[in-house]
Amino acid sequence: VTRDPYESVRHALAIIPLVKTHQGLTIQELAARTGLGEATLTDEVARLVMMCGVPPYQPNNYVSIWVEKGRVYVRFAEQFERPVRLVLQEALALLLALRPLAAEDHPFSGAVRRLRDKILSALEPEARKAVRRTERSFHRAPRGSRGRISELREAMARCQELRITYWSAHRAALTERVIRPYALAEHDGEWYVIAHDSSRGEVVSFRTDRIREATLLDTEFEVPLDFDVKAWNRDRDFVPAPARVVAKVRFTGDAVRWARDELPRKDVKDEPDGSLVASIRVASDVWFLSWLLPFGPGFEVLEPPELRAKVAETCRRMLAFYDEPTPRAR
Amino acid sequence: VAGYDDDATPEALEKRFDRDKAELRSLGVPIVYDPLDEHGHEGYRIPREQYFLPEIRLGVEEAAALAVVQRYAQEATSDPLARPLASALRKVAVDSPLTGAAAASITEQHMLGVRAGEAGGDVGPNLEVLTDAVLRRRAVRFRYYSIGRDEVGQREVEPYGLGWQERHCYLVGRDRAKEAVRLFRVDRIQGRARPVTGRPFDVPEDFDVAEHVDRPAFLLRRDGDAAGERVKIHLRPEVAFMARDALREGWTYRETEDGGGILEFEATDRRAVVRYVARHLERARIVTPEAVRDAARADLRKILAAHERPVRGGDSDGRKSGGRK
C-alpha cells in the first residue's frame with residue numbers, strides 16, 4: 001500500500017487515462033498494464049473514488065470512477081484525458097532499459113529503433129535535446145558477441161529444433177547437442193538461450209556467444225505449458241553452481257590487494273607475514289583455474305592437494321603450448 | 001482549496017505550495033509563472049499544449065519490447081533508475097495495443113535478467129547519488145581506494161557518466177585535482193559520495209561514456225602515457241571462434257592452419273594482456289611482442305615451481321579449524 005501521497009498522484013495520473021481509453025478493464029488487467037500489484041491497484045482505485053474535482057467545480061470537473069463486477073470505469077475527468085508528458089529521467093530510463101533489445105540481430109531491434117524515435121518525438125524539444133545529450137552518459141558494455149542469435153531467433157519463431165556445437169566452459173569442451181530454444185535472456189551484458197537440452201533431458205541455459213555452430217533441424221517442438229521463464233531470472237543459472245570443494249589459497253605481494261578486492265571479506269584472512277589466505281568455494285575446476293591463473297605468481301593453492309596438482313599440470317600444459325611452433329595463417 | 005485549508009502560517013503554506021509545485025513538475029506537469037497581465041492578474045498556469053503526453057502510436061512489436069522492459073522494471077528494484085522507469089512505463093501503457101495476457105506470453109520468450117547485485121558490496125546508495133549528480137551536472141566528493149597505488153584519497157569529481165563493464169560499475173568524470181578525465185570503480189568509493197555545492201559543470205560536447213568503459217582491461221589503464229603496442233595472440237580452435245565473433249574496431253583475426261586463429265590488437269597495459277591470456281589457460285598464448293610472451297612464460301614457471309614443491313608453512317589456522325569448510 002502506498003503511503004507517499006505524491007506516489008498516489010503519480011499512480012492516479014496513469015490509471016485514469018488508461019481506464020478512460022479502455023473502459024471496463026478488470027483490476028487484474030489494469031494491474032498487468034500498469035505494472036502495479038493488484039493490492040496496490042485496488043487501493044489506489046478506492047482512493048480515486050474519493051477524489052474530488054477541480055475548479056470551477058462544474059459536474060464534469062468531478063472525476064467519477066467506479067468498479068462494477070471487478071471492472072473499472074471512469075467518467076468526466078477531461079483534465080486526465082491523457083497521461084502527463086514524460087520527464088527527462090523517465091524518458092532516459094526507458095531508452096536505457098530498451099538498449100539491450102536494440103542489439104543488432106535481436107528480434108526486437110527494429111521495433112526498438114522505431115520506439116526510440118517515437119519516445120523522442122513525444123518530448124518537448126528542450127527535453128529531447130537533454131535526453132539525447134544525457135543518453136551518452138550511461139552505458140552498459142556488452143560482453144562477448146551475441147553469437148548465433150539469428151539462428152536461435154529463427155528456431156524460436158518456427159518452433160524447430162537446433163543442433164548446436166557449444167563450448168562448455170564448465171567442462172572445457174566443445175560438445176554437440178540438440179536443443180529446443182524456449183526463451184532469450186540478457187543478463188549482465190551477456191545473452192543466454194534457455195532451452196531444452198535433449199542430451200540431458202532438461203531445460204538449461206546456454207551463453208549464445210559460446211555456440212560455435214547452429215543448424216536448424218526439421219523436427220518441431222512445443223513449449224511445455226509449465227515452462228516458466230521467471231524461474232531463470234535469479235535462482236537458476238545466473239547464480240554460481242553449488243560448491244564442490246573449498247580451496248585454500250595464499251596470496252602474496254601485489255596479488256594480496258587484488259584478491260582482497262574480489263573476494264568477500266568473510267572468506268579472507270590476513271596473515272602476520274602480510275600474505276592473505278582465502279577460502280574459495282569451487283564449483284568447477286576449470287572456472288577456478290581460469291580465475292586464479294591471471295593473478296600471476298602471487299598465488300599458491302594450499303589445499304586440496306588435487307587442485308594444487310591441477311595448477312601444476314595446467315602450467316605444464318600452458319608452457320608446452322608456448323613451445324609449439326606458431327601455425328601459419330590460412 | 002483542500003490541502004491548504006488548515007491553520008498553517010502563510011509562510012508554511014507558501015513552503016507547502018513550493019513543494020507541491022516541485023513534485024508536480026517532477027511528475028511531468030508543466031507549471032509556468034505568468035507575471036502581472038493588463039488586468040492585474042498574476043499566477044501559475046499549466047499550459048494545456050505542454051501537459052498531455054502526445055499519442056505514441058505503438059505497434060504490436062514495439063509494445064512487446066515495452067512489455068519485456070516492464071517485467072524487468074518490476075524486478076530490478078536495485079536499478080537506480082527503476083522508479084522513473086516504472087513511472088514512464090505506466091504513462092506509455094495507455095497507447096499499448098497489448099492485453100496483459102499477450103504481454104505475458106511475450107515475456108515468456110524474452111527476458112532482461114536482473115543483476116543479482118552480488119558484486120562489490122553495497123553500491124546502491126552511492127549509485128543513486130552519482131546517477132542524480134550526472135543528471136544534474138553537480139560535482140561530487142568522495143574517498144576513493146586506488147588499487148593501483150594501494151592508497152585511499154579524497155577526490156572531487158565532475159561526474160560525466162556511469163558505465164557498466166564486466167560486473168562493475170564505473171564513474172567516468174573529470175578529476176578536479178588532476179584536471180583530467182578518470183575512471184572510478186563505484187565499489188571502491190569508501191563511505192558515501194556527497195554532492196558539492198556550486199554551479200553545474202559543463203560536459204564536453206562529444207563526451208560518450210561508452211568510449212571510456214567499453215574497452216577491454218588492457219586498454220583501460222590511462223595513467224601516464226603508456227604507448228600502445230600491437231599484440232598477437234594464438235587461440236586454440238575450441239575457443240578461437242568466440243574471439244572471431246567479438247572483434248572490436250582495429251582488431252584483426254586470422255584463421256590458422258590448426259583451425260584456431262591469431263587475434264591482433266593494440267594494448268597499453270602489458271600485465272593486463274598476460275592476465276587476459278591466462279584466463280584461457282592452455283588454449284591461448286602470446287605470440288608477440290616477445291617481451292610480453294617471455295613475461296607470461298616466466299610467470300608460469302614461477303607458479304609451477306611453487307606448486308611442485310611441498311606446501312610450506314601451511315595455514316596457521318589449519319590445525320585449529322581442521323576440516324572446517
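Good morning. Buried area is the accessible area that two parts lose on being put together, summed over both. With that term in hand, we may turn to the structure above, which is a predicted model.

I begin with the interface between the two chains. Chain B and chain A bury about 12200 Å² between them, and 58% of that area lies on carbon and sulfur atoms. To this contact chain B contributes 132 residues and chain A contributes 124 residues. Which residues of chain B lose the most area to chain A? They are R90(B), M111(B) and H307(B), which together account for 7% of what that side buries.

The rule finds 16 salt bridges across the interface of chain B and chain A. As an example, please look at D245(B) and R148(A), whose side chains meet in a salt bridge with an N to O distance of 3.4 Å. On the side of chain B that touches chain A, helix α10 of chain B, residues 290-308, gives the most, with twelve residues. That side of chain B divides into 57 nonpolar, 25 polar and 50 charged residues.

I now move to a pair of helices within chain B. In general, two packed helices are described by the angle between their axes and the distance between the axes. Here, the axes of helix α3, residues 60-75, and helix α4, residues 82-92, both of chain B, come within 10 Å and cross at roughly 145 degrees. The crossing of α3(B) and α4(B) is left-handed. From α3(B), the contact is made by L66(B), V69(B), Q70(B), Y72(B) and A73(B); from α4(B), it is made by L85(B), L89(B) and V92(B). Of the residues in this contact, seven are nonpolar, one is polar and none is charged.

Finally, some details of the backbone. Where do we find cis peptide bonds? In chain A, the bond from E303(A) to P304(A) is cis, with omega near -10 degrees. P304(A) sits in the loop between β13 and α10 of chain A. In chain B, the bond from T288(B) to P289(B) is cis, with omega near 0 degrees, and P289(B) sits in the loop between β12 and α10 of chain B. Lastly, C159(A) is a residue other than glycine with a positive phi, near 55 degrees. C159(A) lies in the loop between α7 and β5 of chain A.

Thank you for your attention.

Technical notes
Residues numbered from 1 in each chain as written. Chains lettered and ligands numbered in written order. Predicted model: local features only at pLDDT ≥ 70, side-chain atom pairs only at ≥ 80, totals over all residues. Heavy atoms only, no water. Axes fitted to C-alpha atoms, helices over the stretch in contact; angles between N-to-C directions. Helix = DSSP H or I, 4+ residues; strand = E, 2+ residues; numbered from the N terminus. Left-handed = near helix turned anticlockwise from the far one by under 90°. Contact = heavy atoms within 4.5 Å. Nonpolar A, V, L, I, M, F, W, Y, C, P; charged D, E, K, R; others polar. Buried area = accessible area lost by both parts, 1.4 Å probe. Salt bridge = Lys/Arg side-chain N within 4 Å of Asp/Glu carboxyl O.
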